[in-house]
Amino acid sequence: MSTETQNPHVSRRAGSPFPPAAPSDPDAPHVERALIEVDAAADLGPIEPVWRSIGYDEFNWTYTRTGKRLLRSFGEISGDSYHVRPHYVFCSGSGFGIPHWSSGNVYHEDENGNPYYDFTLVDQAYDAIVAAGHHVLVELGFTPRDLVPDVEFTVPSSPTLYGAYEAGAWRFPPRDYGRWAGLIEAHARHCAERYGMAEVSEWLWELWNEPDIFYWGGTVQQYNELYTVTAQAVRAAIPGAKVGGPSVTSGGLEFLKEFLDYTSSRGEPLDFISYHTKGCHFPTRDYRPIGAPATEQASPSSTKMLYDIVRCNRIIADYPEYRDLEVLVDECDAAVPAHFGRYDNANYAFQNTEYYPVFQAKLFKKILDLNAAGPVSVNQATSWSFYFEAERWFEGTRSFLTADGTEKPLLNAYRMFGRLGSHRVAARSDQAWSIEALADPDGSSMPEEVDALATTDEDGTVAILVWRHTDDQYQRAEAATPVRIAVSGLDHTGYRLSHLRIDHDHSNAHTVWASLGSPSDPGDDEIAKIQARQGLEEFEPARDLDPDPSGGLALEVALPLPAVSLLILTPRS
């Protein structure tokens with residue numbers, strides 16, 4: 001198999017200067033000190049909560065006990081809804097999910113060839129999402145077995161595989177677009193009847209996934225034609241439905257352009273535009289001895305991800321009628337694929353640690369910086385993460401939970417995002433990496449930085465997210481970096497300061513597990529110790545602070561590498 005087939009998100013770079021994964025540089029300099037200036041009176045407008053979106057391959061795990069609990073956790077984190085995007089809803093199958101495969105098993109034909117539908121599994125999944133207070137991003141794919149065209153597609157017989165259908169025949173365009181339209185309309189109508197028109201009008205209806213690579217066995221023209229059929233079918237059932245696509249990879253720039261040429265020239269309904277970005281793909285399945293280091297130390301590149309966003313947004317901006325549409329980066333992840341972990345390649349271990357939540361914090365802030373620069377804004381940046389059934393302890397997959405439903409540090413980043421206010425205010429760091437570097441990137445990943453994102457709420461609460469991070473997961477620093485945060489523009493006479501932290505020693509169940517000897521089967525007492533540290537923790541006791549007469553306040557924090565703090569200044573009554 002070619003490298004391009006294995007690593008489609010990263011190797012199909014179409015002129016991108018970035019390598020498949022960022023090499024480590026042990027001699028890179030550290031940030032020795034930093035100054036951050038926050039002006040709480042400089043309102044930059046409502047903040048776009050780009051983080052309120054998750055997705056995953058394993059549709060059937062949505063309605064497991066663990067899946068339902070995780071969905072509820074996201075509702076509790078934000079107090080608001082997320083969009084949830086599962087794969088494989090129309091794939092035929094038994095409803096037994098495994099990593100990177102699942103099935104909604106909706107479409108069937110009787111002995112006379114007449115279509116009929118079974119929404120048993122769909123109801124369970126969508127019920128779980130809606131009951132948790134979220135909305136569905138309905139990924140309309142893939143081809144049911146009874147609609148697979150007559151193509152020559154065989155796989156070697158093997159006890160570890162299903163058959164030709166599960167191995168990839170589902171990716172081909174349906175043999176009958178009329179029957180496909182019937183399926184889409186029936187699906188949308190069923191959802192409207194079950195959840196109500198008001199609810200499904202909040203949903204997003206997207207055709208397929210990554211049709212520029214192996215997920216689509218047809219041409220661009222066939223995809224465009226299927227889009228017309230699909231959008232019409234959804235709108236026939238839900239007139240106000242939000243429809244869109246094409247959810248291409250970062251290598252699918254030409255596909256994206258051809259799709260937008262098609263929809264714009266024909267006046268096709270298009271309510272949002274979607275594409276994906278990934279930060280790296282490590283050499284597939286290194287298979288070193290258990291616990292051995294990677295053959296080559298490498299890391300994700302947030303710079304690469306941001307550059308992908310810039311390039312896709314430039315294409316969208318070429319269509320004036322689309323500049324104000326919602327833009328979804330509905331797979332926006334540091335590494336691919338989601339189900340690979342540290343046993344496949346030791347470089348994936350960062351998905352267990354404090355590195356990953358801090359990576360997400362800086363990534364989302366830079367996306368907001370890109371939004372402010374315009375002319376196109378990202379509305380959602382989806383973490384393609386959920387959980388994996390029967391996972392070993394801290395497997396290192398891209399997930400929010402590990403074994404026994406234990407929360408990984410990544411989930412605590414989303415708890416921090418949920419505590420941010422409704423309006424962004426000015427915050428400037430003298431040690432921040434600037435998005436201006438994206439104008440002429442050289443392929444290097446983001447160096448060490450200290451940066452911040454600040455918000456306010458109507459009650460005068462000021463929240464400051466501040467971090468120290470570098471894309472190189474192997475960088476180590478002996479000393480914490482002192483950071484001075486000068487806050488101005490405060491309009492209350494007294495505040496209560498709360499300080500929350502994610503680092504090696506805080507909000508980090510993985511560190512506790514490692515300190516216990518990384519047990520593969522921890523006992524009840526050990527599990528209790530691990531899970532006691534899985535939530536978002538205070539770094540120090542809350543204390544009262546009084547601004548000076550001009551509305552200024554000075555805060556001091558020391559940040560190890562990597563670390564993120566959330567400082568919340570709540571007005572005292």
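In the predicted model, strand E17 and strand E20 (residues 553-559) run antiparallel and are joined by 7 bridges. Within this pairing, Val487 has Leu553 of E20 as its bridge partner. Strand E17 is also paired with strand E2 (residues 34-46), here in the parallel sense and over 6 bridges, and Ser488 of E17 is the bridge partner of Asp39. Strand E17 itself, which spans residues 481-488, has a covered face made up of Thr481, Val483, Ile485 and Val487, whereas Pro482, Arg484, Ala486 and Ser488 make up its uncovered face.

These pairings belong to an open sheet of 9 strands with mixed pairing, in which the strands follow the order E19-E18-E21-E16-E15-E14-E2-E17-E20. The edges are taken by strand E19 (537-545) and by E20, each of which has a single partner strand, so that one side of each is left without a neighbour in the sheet. On average, and with direction ignored, neighbouring strands of this sheet are turned by 20 degrees against each other. Elsewhere in the sheet, strand E18 (residues 495-502) and strand E21 (residues 563-571) run antiparallel and are joined by 8 bridges, with Arg496 standing opposite Thr570 in E21.

Two helices lie across strands of this sheet. Helix H11 (residues 355-373) lies across strand E14 (423-429), strand E15 (449-456), strand E16 (462-469), E18 and E21, and runs at about 115 degrees to E16. Helix H12 (residues 409-418), for its part, lies across E16, E18 and E21, and its direction makes an angle of about 155 degrees with E18.

By residue class, the lining of the second largest pocket comprises 15 nonpolar, 8 polar and 9 charged residues.

The largest cavity is lined by Tyr56, Asp57 and Glu58, by Ala338, by the residues Trp384, Ser385, Phe386, Tyr387 and Phe388, and by Arg398. Of the residues in this lining, 6 are nonpolar, 1 is polar and 3 are charged.

Conventions:
Residues numbered from 1 in each chain as written. Predicted model: local features only at pLDDT ≥ 70, side-chain atom pairs only at ≥ 80, totals over all residues. Heavy atoms only, no water. Nonpolar A, V, L, I, M, F, W, Y, C, P; charged D, E, K, R; others polar. 1 Å grid on protein atoms, 1.4 Å probe; cavity = no way out; pocket = protein on both sides within 12 Å on 5 of 7 lines; lining within 4 Å. Buried < 20%, exposed > 50% of the residue type's maximum accessible area, 1.4 Å probe, protein only. Helix = DSSP H or I, 4+ residues; strand = E, 2+ residues; numbered from the N terminus. Pairing = 2+ DSSP bridges. Axes fitted to C-alpha atoms, helices over the stretch in contact; angles between N-to-C directions. Contact = heavy atoms within 4.5 Å.
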